[in-house]
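This briefing concerns the structure shown below.

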Number of protein chains: 2
Amino acid sequence: MSSRPEPESIAIIGLGLIGGSIARGLRADNYRGRLVGCVTTSDHAERACALGLVDAAVTDPADAVRGASLVVVAVPVGAMAAVLADIAPALAPDAVVTDVGSTKLSVIADAKAALGAGIGRFVPGHPIAGTEHSGIDAGFATLYRDRRVILTPTPETDADALATVETLWQRLGGRVSEMDPAHHDEVLAATSHLPHVLAFALVDTLARMAERTEIFDYAAGGFADFTRIASSDPQLWSDIVTANASAVLPVLERYIGDLEALRGAIAAGDKEPLEASFGRAKHARDRFTQSRNGTSE
Amino acid sequence: MSSRPEPESIAIIGLGLIGGSIARGLRADNYRGRLVGCVTTSDHAERACALGLVDAAVTDPADAVRGASLVVVAVPVGAMAAVLADIAPALAPDAVVTDVGSTKLSVIADAKAALGAGIGRFVPGHPIAGTEHSGIDAGFATLYRDRRVILTPTPETDADALATVETLWQRLGGRVSEMDPAHHDEVLAATSHLPHVLAFALVDTLARMAERTEIFDYAAGGFADFTRIASSDPQLWSDIVTANASAVLPVLERYIGDLEALRGAIAAGDKEPLEASFGRAKHARDRFTQSRNGTSE
């Protein structure tokens, strides 16, 4: 696919769903270089080695990146600043660093603070892939196959570093595109961050109602689908929505306003605005499904 | 499963997803009586016969029920009053009538108005099953297998009529239970009606944003699951939420209040209440999944 030589050594900081799937995907693609993983506990280091995810697993990010030609920081957005600060002094001068964070402006600010003049070797990235599961056992080699991967280079980003990261994602099966970081944050606020807030909020609202056990007993498949993302990691998502508050808040406020209008129509028994809104939604959702699958679901 | 003799003739008013699946399920269970369907157009009547759903398809509800020992009214909640009024004069004196509406107090009121003294032979029912699809081609014989079916008899309901309807659902594979009608409406407002409003509202909010095409381009699997129910029938659902307004409004208002609190926390950068809410939601959702599947998803 590319004639670029593969990186001699790759360090992955964090072997959860995202980082663990990168490691598994590289193994499945017969990556021949050295693969080093960094995890938070010695138990996880043992597990990573037992699963064959990496050649070596360490618990100190600086140890992990020493000598690595490519570093993938696959930690929650809320941990990004601390990890980048930890690894900065240990990075090889020509090492390329990338991340997988769900927000890009916040991570770019963290990277500038940590890497200083080395910011040109940092490539902000975000694979649009995941499940509601997390942890070292959650990953799988095909997570990124045919999934979009958005890279959000800044004016400082080296073209060579960008190409290295693009090649990494292509070998994992990703469909790489570039986007302005601020625009990325707005788009993801709408399609990912807001839906997570809404799903968490719904399940929490219902769970705090008196009849909660029985309520869930009578929930059907539609409810299971609608609330699947409410099984995601709570800390990860509270970090994401606060890191991207400036993009999440306007769309959340617009949504609450739209919901208030629907509430008013329901209270008034006025079906016309309900049918209009539900009809526009069905039309948009059916088109989304068709463009996604090439067919209706 | 039961020694009750099967009804000599069953009329199903409406052969969409719900009614069509009842017809298909009865066929699959080798129902030997006469099966008559009522649809809205002669095209649909032709299609119903071509699909082998029924022995005869008509477009007049009164024609359909003449001579039937069991009548299943499988029309949208908003059409229930008119259909019950249409069939009332044509019903055999001992005919059992049941419905499949997603709201029960409104249908019981419609049935009392239409059937008068015959209300004892009316058994309010609601199969908790469905997909986001609708129409005569949407049904399938196994839709009700292992699904909950809630019957909400009133003090007037004949025990014999109740047993007939219970047997119908059991032969389709349903898990039948009884519930107070008002309580049914509260439980379904929380687990079904509110989620539909939220999903429709989200897709409509996003569809009306300027960048909408691109927004949907970058949506991932979580978004597809979250918005699946927004592909449901708009008129059907605006009928349901207005028919059940008294139960939908309190839980919708509670939800908007909870969302406002989360919005405040995001605006303040206060992660603690976000993590607490998201954590409670994940806990409840994981328990729901375990009790549903006997395992985690």
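**Contact between chains A and B**

Chain A contributes 75 residues to the contact, and chain B likewise contributes 75 residues. The model is a predicted one. On the chain A side, at least two residues each come from α7 (181-207), α8 (212-217), α9 (221-226), α10 (234-243), α11 (245-268) and α12 (271-293).

*Make-up of the chain A side*

- With 16 residues, α7(A) provides the largest share of the side of chain A that touches chain B.
- By residue class, the side of chain A that touches chain B comprises 43 nonpolar, 14 polar and 18 charged residues.

*Packing of α7(A) against α11(B)*

- Two packed helices are described by the angle between their axes and by the distance between those axes.
- For α7(A) and helix α11 of chain B (residues 245-268), the packing angle is about 125° and the axes are 10 Å apart.
- On α7(A), the contact is formed by A:Val197, A:Ala201, A:Leu202, A:Asp204 and A:Thr205, and on α11(B) by B:Arg254, B:Tyr255, B:Asp258, B:Leu259 and B:Leu262.
- The contact of α7(A) with α11(B) contains 6 nonpolar, 1 polar and 3 charged residues.

*Domains of chain A*

- Chain A is assigned domain 1, spanning 9-179, and domain 2, spanning 183-293.
- A distance of 30 Å lies between the C-alpha centres of domain 1 and domain 2 of chain A.
- Domain 1 of chain A gives 14 residues to the contact between the domains, and domain 2 of chain A gives 16 residues.
- The side of domain 1 of chain A that touches domain 2 of chain A is made up of 5 nonpolar, 7 polar and 2 charged residues.

*B:Arg208*

- In chain B, the loop between α7 (181-207) and α8 (212-217) holds B:Arg208.
- B:Arg208 has 14 other C-beta atoms within 10 Å and is therefore partly exposed, because a residue counts as buried at 20 or more such atoms and as exposed at 12 or fewer.
- B:Arg208 and B:Ala90 are 118 residues apart along the chain, and their C-alpha atoms are separated by 48 Å.

How values were computed: Residues are numbered from 1 along each chain as its sequence is written. Chains are lettered from A and ligands numbered from 1 in the order in which they are written. This is a predicted model: local features need pLDDT of at least 70, side-chain atom pairs count only at pLDDT 80 or more; totals for chains, interfaces and linings use all residues. Two residues are in contact if their C-beta atoms, placed from the backbone, lie within 7 Å. Helices (H or I, at least four residues) and strands (E, at least two) are DSSP runs, numbered from the N terminus. Ala, Val, Leu, Ile, Met, Phe, Trp, Tyr, Cys and Pro count as nonpolar, Asp, Glu, Lys and Arg as charged, and the others, Gly among them, as polar. Axes are lines fitted to C-alpha atoms, for helices over the stretch in contact, and angles run from 0 to 180 degrees between N-to-C directions. Domain bounds come from an automatic or database domain assignment.
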